[in-house]
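Please consult the sequence and the coordinates alongside the text.

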Amino acid sequence: MNSFRIISTAIEPWALRAHLADPACGAYVQFEGWVRDHNEGQRVRRLEYEVYEPLALKEGQRIVAEAVERFGLSRAAAIHRSGLLELTDIAVLVGAAAPHRSEAFDACRYIIDQLKVRLPIWKKEYYANGAAEWVNCQRCAEAGHRHGL
Amino acid sequence: MKIQVRYFAAFREAAGLAAEPVETQADTPAALFRECAGRHPALQSYSASLVAINDEMADWEQPLAEGDEVLFFPPVAGG
């Protein structure tokens, strides 16, 4: 199984766990990012992810490999959605297995934080009032911020 | 030189097209973006955006070469 995948159908919450199971690990931490019904004062009805897959896949796999190396993990993987999502759908799923819990928590956090700022993925929110807008991530919105490459 | 330019998400909507071949003197993605924004004023600024050349993440000041495909990515919002 590839350590990072993009899929256009529903992400099941147990999609990673069985693949990451390892008898050398005493801890497994999983993060689910969900579609939320509000953002910056607007009521959100649904959203859409546009993904440039050739680069998103390469960069996503690089991020997972970095986490394994950096935190001495046993195994890690992540899945990100593309296409149209409804409220409460899973937008992104990250799993990290390690001998001990501290590394598993840290690695899971590292992976989701990096995925959010380094992948060529864009989110369009559709609002209750009928409008739709492309959303910028918080860190990008800071004046002049450019992500490290 | 000839460069193929591709626009994504908000940039595609601002430019009104997904891709265009350009004949340019611009020697970096930053200069090329300014040139494209001249033709498509809705593109405005590349601040906080990312650029890739031939499917590899690149720097805004990296030199361009004949035949390169330059991808302009507006601020990303995964997760």
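In which loop of chain B is B:Asn54 found? B:Asn54 is found in the loop between strand 3 and strand 4 of chain B, where helices (H or I, at least four residues) and strands (E, at least two) are DSSP runs, numbered from the N terminus.

The model is predicted: local features need pLDDT of at least 70, side-chain atom pairs count only at pLDDT 80 or more, and totals for chains, interfaces and linings use all residues. Residues are numbered from 1 along each chain as its sequence is written, while chains are lettered from A and ligands numbered from 1 in the order in which they are written.

**The sheet of chain B**

Chain B holds an open sheet of five strands in the order 2-1-5-3-4, with mixed pairing; two strands pair if DSSP finds at least two bridges between them. Strand 2 (19-23) and strand 4 (56-58) of chain B are the edge strands, each with a single partner strand, so one side of each is left without a neighbour in the sheet. On average, neighbouring strands of this sheet are turned by 30° against each other, direction ignored.

| Strand pair of chain B | Bridges | Residues opposite each other |
|---|---|---|
| Strand 3 and strand 5 | four bridges | B:Ala52 and B:Leu71 |
| Strand 3 and strand 4 | three bridges | B:Val51 and B:Ala58 |

Strand 3 and strand 4 of chain B form a hairpin with two residues between the strands. B:Asn54 is exposed, with 12 other C-beta atoms within 10 Å. For such counts, C-beta atoms are placed from the backbone, and a residue is buried if 20 or more other C-beta atoms lie within 10 Å of its own, exposed if 12 or fewer, and partly exposed in between.

**Helix 2 of chain B**

Helix 2 (residues 29-39) of chain B packs on the sheet and touches strand 1, strand 3 (50-53), strand 4 and strand 5 (69-73) of chain B. The direction of helix 2 makes about 70° with that of strand 5 of chain B; axes are lines fitted to C-alpha atoms, for helices over the stretch in contact, and angles run from 0 to 180 degrees between N-to-C directions.

Buried positions in helix 2 of chain B are B:Pro29, B:Leu32, B:Phe33 and B:Cys36. They cover an arc of only 100° around the axis, which puts them on the same side of helix 2 of chain B; the arc is that of the directions from the helix axis to the C-beta atoms. These buried residues pack against strand 1, strand 3, strand 4 and strand 5 of chain B.

B:Leu32 counts as buried because it has 23 C-beta neighbours inside 10 Å. Leaving aside residues up to four places away in sequence, B:Leu32 touches B:Ile3, B:Thr24, B:Ala26, B:Leu64 and B:Val70. Two residues are in contact if their C-beta atoms, placed from the backbone, lie within 7 Å.

**The sheet of chain A**

In chain A, four strands form an open sheet in the order 1-5-7-2, and the pairing is mixed. Strand 1 (4-7) and strand 2 (27-34) of chain A stand at its edges, each with a single partner strand, so one side of each is left without a neighbour in the sheet. The twist averages 10° from one strand to the next. Strand 1 and strand 5 (residues 75-81) of chain A pair in the parallel sense over four bridges, and A:Ile7 has A:Arg81 as its bridge partner in strand 5 of chain A.

Helix 3 of chain A lies across strand 2, strand 5 and strand 7 of chain A, running at about 145° to strand 7 of chain A. Its buried residues include A:Ala107, A:Ile111 and A:Leu115.

A:Glu40 lies in the loop between strand 3 (38-39) and strand 4 (42-51) of chain A. Its phi is near 45°, a positive value in a residue other than glycine, and A:Glu40 is exposed, with 9 other C-beta atoms within 10 Å.

**The contact between the chains**

In the contact between the chains, 28 residues of chain A meet 17 residues of chain B. Helix 3 of chain A gives the most to the side of chain A that touches chain B, with four residues. The residues of that side divide into 17 nonpolar, six polar and five charged; Ala, Val, Leu, Ile, Met, Phe, Trp, Tyr, Cys and Pro count as nonpolar, Asp, Glu, Lys and Arg as charged, and the others, Gly among them, as polar.
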